[in-house]
Every structure is written in structure tokens, then in C-alpha cells.
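I opened this notebook to record what I looked up, step by step, with the structure on screen beside me.

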Amino acid sequence: MSSAGVLESLPDIHCIKALAPGLHADGACALCILRASQVPIGPAYLQPQADIYQFFGIEQPDSHTASPCSVCLSILSSDVFDQITQRYKEQGFDSSSVCISVELPKSIYVRQRSMQIHVKNALVDLKDVIKYISGRRLADACNVSTDADSEMRVECAFSHQESSTDHQFLIDREGSSIRLKSFRKKGVDYTTGDSLGAVLAELEKCDDATVASNFGSPPPLVKSFAEIESLVFKRASLFVGGRYLKLERNISQTPFVVDGKRMTELSVSEVIGEPIKTLVHCDSYNLVGSGREDADVRMLGDGRPFYIECINPRITRVSQTQLTQIESQLVQENSPVQCRLLQLIKPENTKIIKEGEENKTKHYCALVWFATVLSKETLDEINRLGSSEIVLRQNTPIRVLHRRSPLVRPRKLLRLEATPVEGHFYRVRIESEAGTYIKEFVHGDLGRTSPSLSSMAGGIVADILELDVENVSLDFPPKN
């Protein structure tokens, strides 16, 4: 249907036609004329403003010399909606729906009240009109629907410097509840107290005569157009779960940086996270593991459970084949970091990782050196003690005291078995509960862990040369 046909079908169109020239002369744009005439939100608001002016018999000035709307500050101009649509389209989100939120300058509410006094009726809500037009524009350009519960948010905030003091009369009036506070921070002056909520509350207290006499009605004209102060696209995080293996030493779980210097060349999170980031086009990502091994410890066996949170992903329609290809790619590249069972997981399943920190057990294999070759009797005694549960008392290790609270933690060793390798070297396999410091258990940490493998050997000095994690007993990721 043509613009004329859409407008002609409006109820009371003859009355609106009669009011339109006067409203335009008062500074209202074509869409604010519809708002002031209480035209319900619908197709009329989607018509080009030039067509609406022509239908109402209003001569429209050249676009280069047109004055801003004194009611909406030209937020309802086509250029604004073009910007929103184009910038969303450029982002490449594959969402089927969006939730649009709008933040308006405080002056808009003062000006809307001023126009309502002038036309003697309420205006159609500006936010609702913006959401409607934006939603229809996005639907046409990007094939998305609007849904208040959508995981995809389009947040648009507008500003207008010229009218930023429109609410000053609300502050100055006798008995005003708005209390301004000024302060200086880092060389910048700030003023608080005139929040939108405070301004709206004070505006609500004013009768029409007060607003009209102190601000004016209709609202005064302006020379500048409102601007989009910020346009943010936010999407709920996407979660990819799996288990990783670390086949070499000197690889940290996440980037290990001290005083701006990288301490390890590789990190697990980057090796796995970067190809996932490329796949889903997210802003950033975080790897969360079920515990973490030191950089010099390998992670073998079935791997350590983990998930990667992809923040603000553009693509969420990811196939299992694409995730399996990432696993295969790491194998083909002979990467020292591998992953398995990669799959999309639900947000609620991420809590399994946190909950498992207290419940899971770990299996370790350590290469240990003793200062003295152990006698058969000593080795048998160690294995006898290790055949049943051992409760350790572990003070916070010296090596982590700078970042951990000084506490005594009881920890259980569920199983321990030592076998000779050659000379002073022994292979020690340990099953322990989560949170046990294995290195400190071996050498005793200057007596801060008791008992220790050294004390179980009769006080013979022991040191750990290599440590591998062979299994983390946590059922993750959950089977789809």
C-alpha cells in the first residue's frame, strides 16, 4: 500500500490533517505529528517523512537546511535508523531475534511533557516508536524478529548537548527534591543528583502551568540534532565444553604474564580458544578448567574437563562437525595441546566444573628422587601406608603464599604406590582429592605438609623431578 493509502486509512485523519501544519510550525517532525495526534504504533510510522509531509500538504525544506524536531530532537529521523540497521548488519550476528532497549536524554521527557500540554493529550511513547521502527528495519534488512526475551540485545543511547539543561527549572524551583553534588576526580569535574529518575519524579510533581511558564509550551526550538551516543550489541555467551590434554611441559593453562613479560610461550586457553573464537566470531573468551596443573606439569589420560565462555558471539549455529574439525586440526598440527569431546554445552552445565572442585579425585604419576636408595623394607612400608587413606595437613605452600591465604588444609590421599626405576629414582602413583599439593607432599615443604613422602621414608630427603596428571575423575562434558 502506498504512503497515502496507509495515512488515509487512519481514524480521524481529517482532524489530523487540520492539526498537522500547526504542529509542524511549532517544530514537530512528521512522526511527532503522528505521535501528538495519538496515531497508534503501526505502518504509518514506517512511511518516509517526505511522504507524510506531502500528504499533509506541508512544504518540506531541503534536507540540508531542515531544522531539528523540537520534540524528539530528530531521534526519529531516517538517518538514525539507517545507522542502527547498518551497524547491526555489519556485525554479522546470526540471531533470529533481538531485544531493543533505548536510553533517551533527560530533556526528551521535559519536551514531551511540554508538547502534551500544548496539544492537551498524551503523546505516543517515543521509546516504543523507536523500538517499533528499529525492529521493522532490522526485520527487513536482517530477517530478525523483536522479542523482549531475546538473548540478543541492541542497546542504543542518545545524547543532545544543546538541550542538556532543559531540566534546570526543576532543580531551581522552590522545594525541589533534586540535590546536586559536585566533586572532582582525577582532574575532571562531576555533578550528580540529577539522575533521570530524580528528574522524572520532580517533573511529575509539577502542574502544567508550572512547566508551561518555566519551560514553555510548545517546547522551544533547537539548532542541533540528537546523536547516537552509544550503540552496543550484546549477546548471551556461548559455552563450549570438553577435555584438554597437555602433552609437553612449560605450557600454562591461561597466559602467564609477570610484569608484562610472558613466562610461557603457549597457553592451553589460546591454543584451543583462538580457533573457537575464529569459528564463532566472539569479542573474547575465557577458559575455565576443573582445577589447573602447574605449567611444568603434563595433563595426560582422558584430559582435564574445561569449558570456554565465548563472549558476545556473532555465530552460535555451530555444528558438531565444526568442533570436531578443531580437534582434528590440533592433531594434524602435532600441537602439544590437544582437546577431545568438544561440544556446545548449556549455561547451566558450567556449574558442574565449579561443583566438581570439591568432589573430584585426581590421579598423578611423579618421578621422585630420594637422597638415599630406599631399602626394600622402607619401600614396602611406604606402599603399606599408601594402601589405605592418608589424611594430610597442608599449610599453604611457600611458593603460593604471595597469592593464597595462610591456612592449614586437611587433604586426603586415597592411594599411593612407589616403584623403583633406577638407583635413586622412583615412580610414584598417587590418587588424591582435589586441592592436594602433590609437590609439597613429596618433599614436605620444610615441614609445612605432614605427613610427607619424605617423612614416610624415614626422613630421607625427597624431591619431585617430573609430575603428570593422568586422570581427573569428573563426568564432563555432559552427554548431549
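I took contact to mean heavy atoms within 4.5 Å, and I kept in mind throughout that this is a predicted model.

Entry on Phe 306. I located Phe 306 in strand β13, which covers residues 298–311. Is Phe 306 buried or exposed? Its relative accessibility is 0%, and Phe 306 therefore counts as buried, the cut-off being under 20%. Leaving out residues up to four places away in sequence, I found that Phe 306 touches a list of residues including Val 240, Tyr 244, Ile 272, Leu 287, Leu 342, Ile 353 and Phe 476. I also looked up Pro 219, which is 87 residues from Phe 306 along the chain, and the C-alpha atoms of the two are separated by 58 Å.

Entry on the cores. The largest nonpolar core has 71 residues, and Leu 104 is one of those that touch the most other members, along with Tyr 45, Phe 56, Leu 76, Tyr 88, Ile 130 and Phe 158. Beyond its neighbours within four places in sequence, Leu 104 is in contact with Ile 75, Tyr 109, Leu 126, Lys 127, Ile 130 and Phe 158. Another core, of 51 residues, lies apart from that one, and Ile 251, Ile 390, Tyr 426 and Ala 457 are among its members.

Entry on a helix pair. I then turned to α6 (residues 106–119) and α9 (residues 196–205), whose axes come within 10 Å and cross at roughly 15 degrees, so the two helices are roughly parallel to each other. The contact involves Lys 106, Tyr 109, Val 110 and Arg 113 of α6, which meet Leu 196, Val 199, Leu 200 and Leu 203 of α9. I noted 6 nonpolar, no polar and 2 charged residues in this contact.

Notes:
Residues numbered from 1 in each chain as written. Predicted model: local features only at pLDDT ≥ 70, side-chain atom pairs only at ≥ 80, totals over all residues. Heavy atoms only, no water. Axes fitted to C-alpha atoms, helices over the stretch in contact; angles between N-to-C directions. Helix = DSSP H or I, 4+ residues; strand = E, 2+ residues; numbered from the N terminus. Parallel < 35°, antiparallel > 145°, perpendicular 65-115°, else oblique. Nonpolar A, V, L, I, M, F, W, Y, C, P; charged D, E, K, R; others polar. Core = buried A, V, L, I, M, F, W, Y, C linked by side-chain atoms within 4.5 Å. Buried < 20%, exposed > 50% of the residue type's maximum accessible area, 1.4 Å probe, protein only.
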